[in-house]
Amino acid sequence: MEAPAHHPTPRRAIPPSLFAFSIFYGGMVCIAGVLGNKQVSLGPISTLGPLVGLPPLAVEAGIFAFLLLVVTSSAIAELHGQKVAGRLVLMGFVPLLVSMVLTLVVLVLPAAPEMDAGHLAAFNQMMGATPWIWAGGIAAYGVSQTLNVTIFSWLKGREGGRLLWFRAATASALSQIVDSVLFISIAFGLSAVGWLMAGQMLAKVVLSIALVPPLIYLMVAIGRRLDA
């Protein structure tokens, strides 16, 4: 009697939106730390600082990459659920840690003799960081991104598929407040807590409310088009 043929279980295909957004997410994780070396003015938003007794608002440019991380993880939570988005956040530690280790290796390696001394000094100054800054970045990333996905998904459970703009703005603003508190207190110590933290939090909340909701609508629409 001929034995029945055993057919391998077909592997589930990765949704195109999840594949594309995961690659994008990894890139933003890596570039955020590099962009953070520049402080940027926020134009008209900067004037909000003096209105509440703060200096003109400014943020490190890495906030724009971090907001795109928030947008991406929230869009994936909207399209594929909290569990998948949570895995994405955890996997984001891989490019984050590898890029940090690679940066340290490159800083230790001797520069080529023909490299301009000014360029070398600028590179070392920009890419070098204290262990506390590294630790602050890692902690702030993990906690704030996980909090964003959790709040976004919890609100979706209460509101259903409605009020995407509200869920996006609320989750982003709250997670960015936590991000500021963790990063500044770990990287620069409690002495930096005060005007610096207040200005950073206010700027990040304003940017979260102004930029994140429309970007999430756009990314969710792109994701649904990719998966159609």
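Student: Which residues touch the most other members of the largest nonpolar core?
Tutor: Tyr25, Val59, Leu69, Tyr141, Val212 and Ile216, out of 42 residues in that core. By nonpolar core I mean buried Ala, Val, Leu, Ile, Met, Phe, Trp, Tyr and Cys residues joined through side-chain atoms within 4.5 Å. Buried is under 20% relative accessible area, exposed is over 50% and partly exposed is in between, with a 1.4 Å probe and protein chains only.
Student: Which helix gives the largest share?
Tutor: α3, with 10 residues. Helices here are DSSP runs of H or I, at least four residues, numbered from the N terminus.
Student: How far can I trust the details?
Tutor: This is a predicted model: local features need pLDDT of at least 70, side-chain atom pairs count only at pLDDT 80 or more, and totals for chains, interfaces and linings use all residues. Residues are numbered from 1 along each chain as its sequence is written, and side-chain values use heavy atoms, leaving out hydrogens and water.
Student: What does Leu69 contact, beyond its neighbours within four places in sequence?
Tutor: Tyr25, Met28, Val29, Tyr141 and Gln145, where contact means heavy atoms within 4.5 Å.
Student: New topic: is Arg167 buried or exposed?
Tutor: Buried, because its relative accessibility is 0%. Arg167 sits in helix α8.
Student: And α5, which residues are buried there?
Tutor: Leu96, Met100 and Thr103. They lie on the same side of α5 because they cover an arc of only 60° around the axis, taken from the directions from the helix axis to the C-beta atoms. On the other side of α5, Val94, Val101, Leu102 and Val108 are exposed.

Definitions and conventions
Helices (H or I, at least four residues) and strands (E, at least two) are DSSP runs, numbered from the N terminus.
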